[in-house]
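Please open the model in your viewer and keep the sequence panel beside it.

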Amino acid sequence: MSERDTICALASGAPPAALAILRLSGPKVRWLAEQHLHGGIPASRHATLTDVRDERGRLVDRGLAIFMPGPGSYTGEDTLELYLHGGAAVIEHALGALTSHEDVRIAEPGEYTRRAFEAGKLDLTEAEGVADIIEAETLAQKAQALRQLGGGLSETYATWRAELTGVLALVEVAVDFPDEGDAPQETTAPILAKLDRVIGEIRAALGDGGIGERIRDGFRVAIIGAPNAGKSTLLNRLARREAAIVAAKAGTTRDVIEVRRVLGGHVVWIADTAGLRVTEDEIEAEGVRRAEMAARDADLRVFLIDAETPDLSALSTDYCKQSDLVVLNKADLVSTPATIEAHYVISAKAGDGVDALEQAIAGFVAEHARSVEAPVITRQRHRARLQDGLRSLETARDGLANDVGAELAAEDVRMALRQLGSIIGVVGVEDVLGAVFSTFCIGK
């Protein structure tokens with residue numbers, strides 16, 4: 001991407017629509033307005049009714065134009081927005097006319113927000129908040145994205161960086177005055193205290209159970225059980241569609257099949273898995289392995305037991321948790337239900353009891369999401385960098401406590417500062433910018 005290019009793109013939904021918003025940003029915006037708008041560049045920050053014409057003077061459409069001069073715009077550059085009718089022909093004609101000039105092109109995904117980041121309008125976590133609020137489908141996702149866009153995450157990371165900058169200054173004192181009597185001892189105690197405080201706060205953030213990522217990406221629920229327990233039937237019932245193949249033959253499900261629902265105000269991915277059993281079939285064995293992996297990764301497991309032929313072996317696995325749900329299925333096929341301590345008794349085929357089970361899943365997800373009030377980690381990128389930074393700080397703390405050397409401790413603190421800085425985009429972010437902004441829509 002070249003900063004000398006002027007970029008333009010459709011910033012509204014796909015046609016046909018009532019309105020189409022075309023956004024332009026870059027050094028040629030004023031010149032383009034003179035070429036294509038009747039009356040030239042409109043007054044700053046005022047909606048102006050104008051004719052839009054192409055490079056040959058033909059009328060493209062009549063609509064509103066709003067000019068926002070840099071640096072007081074979203075991108076920090078001169079920006080022009082055109083509000084036209086939302087037909088495909090209008091949009092195609094307008095974009096074709098604008099990009100017919102040299103150094104004017106269609107924007108790449110996320111390029112507007114990347115330019116805003118490069119202009120210092122927002123940091124990297126706030127830029128990610130822009131993408132998240134556009135994609136938000138639940139109120140919880142929207143609230144988290146708004147907090148992130150408003151600098152909620154940035155404030156926490158900036159506080160840690162400020163604390164560690166002070167720590168680094170104290171460590172440098174110990175490096176500069178290694179033979180000044182009691183000076184090192186006097187400086188080491190406050191350094192260790194500050195390090196312990198930041199380390200404790202980062203550990204607490206990392207111990208949030210991944211709630212921020214779950215709110216953003218969705219919670220995981222795995223249906224686990226023996227072959228023919230009715231797992232695929234239950235998945236279809238919860239999905240309200242035929243998502244999985246149902247057959248009487250054991251081992252029909254060979255892979256993990258997921259459906260997406262919104263339950264308890266949150267996105268939930270419900271997985272149907274292969275029946276758990278020992279098998280000589282190579283493909284089915286791989287399905288069992290994937291089922292166990294899905295069970296371990298899930299936030300909640302629904303252990304489904306066939307009331308006709310109860311198999312409780314799954315309940316003895318190492319991934320079975322106290323919060324998991326034990327569900328007795330096919331209760332309509334037996335006159336006397338099995339004496340099993342189950343949370344719910346259902347008939348996945350008939351639908352009996354499934355609504356109560358669904359409400360229980362929704363309740364678990366909602367309660368789980370409330371366990372952390374304001375997560376400071378919303379993406380795996382944040383978690384990985386925090387984990388790296390924590391290791392560096394622990395190494396610095398241990399080195400200072402054991403009098404290994406202030407020089408090494410200083411380098412470890414610098415490394416932690418770089419890791420925290422890469423989260424908000426202060427230092428060392430070129431390798432992650434492309435990955436972050438490539439997930440945006442074209443007009444943002």
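Begin with Asp103, which lies in the loop between helix 2 (88–98) and strand 6 (104–106); helices (H or I, at least four residues) and strands (E, at least two) are DSSP runs, numbered from the N terminus. Although Asp103 is not a glycine, its phi is positive, at about 65 degrees. Most residues other than glycine have a negative phi, and most peptide bonds are trans. With a relative accessible area of 24%, Asp103 is partly exposed, where buried means under 20%, exposed over 50% and partly exposed in between (1.4 Å probe, protein chains only).

Before moving on, note that this is a predicted model, in which local features need pLDDT of at least 70 and side-chain atom pairs count only at pLDDT 80 or more, while totals for chains, interfaces and linings use all residues. Residues are numbered from 1 along each chain as its sequence is written, and side-chain values use heavy atoms, with hydrogens and water left out.

**The whole chain**

Zoom out to the protein chain, which has 14 helices and 12 strands. Of its 444 residues, 48% count as buried. Among contacts with a separation of 6 or more, 63% join residues 24 or more positions apart, a contact meaning heavy atoms within 4.5 Å.

The mean for the protein chain is 89, and 89% of its residues reach 70 or more. Over residues 428–432, however, the pLDDT is below 50, and beyond near neighbours in sequence this stretch has eight contacts in the model.

Select strand 4 (residues 59–68), which is mostly covered, with seven of its 10 residues buried. On one side, strand 3 (residues 48–53) pairs with strand 4 in the antiparallel sense over six bridges, two strands being paired if DSSP finds at least two bridges between them. Asp51 stands opposite Arg62 in strand 4. Strand 3 and strand 4 form a hairpin with five residues between them, and Gly57 in the turn has a positive phi of about 85 degrees.

Strand 4 also pairs with strand 5 (residues 79–86), again in the antiparallel sense, over five bridges, and here Ala65 stands opposite Leu82 in strand 5. In the loop between strand 4 and strand 5 you will find Pro71, joined to Gly70 by a cis peptide bond with omega of about 5 degrees. For another cis peptide bond, go to Pro15 and Pro16, where omega is about 0 degrees; Pro16 lies in the loop between strand 1 (6–10) and strand 2 (17–25).

**Rings and charges**

Which two rings form the edge-to-face pair? The rule pairs rings of Phe, Tyr and Trp (its six-membered ring) if their centres lie within 6.5 Å, and planes under 30 degrees apart count as stacked, over 60 as edge-to-face and the rest as tilted. By this rule there is one aromatic pair. Its rings are those of Tyr157 and Trp160, whose centres are 5.7 Å apart and whose planes stand at 70 degrees, so the pair is edge-to-face. Both residues lie in helix 6 (residues 152–176), three residues apart, about one turn of the helix. Tyr157 counts as buried at 0% relative accessibility, and Trp160 does at 4%.

Next, show Arg23 with Tyr112: the charged end of Arg23 sits over the ring, 5.6 Å from its centre. This description requires NZ of Lys or CZ of Arg within 6 Å of the ring centre and within 35 degrees of the ring normal. The charged end of Lys28 likewise sits over the ring of Trp31, 5.2 Å from its centre.

**Helix 9**

Finally, select helix 9 (residues 231–239), where seven of the nine residues are buried, among them Leu234, Leu235 and Leu238. The elements covering these buried residues include strand 7 (219–225), strand 8 (257–263) and helix 11 (354–369). Just after helix 9 comes Arg240, with a positive phi of about 65 degrees. Arg240 is in the loop between helix 9 and strand 8 and, at 54% relative accessibility, counts as exposed.

Note on methods: pLDDT = per-residue confidence, 0-100.
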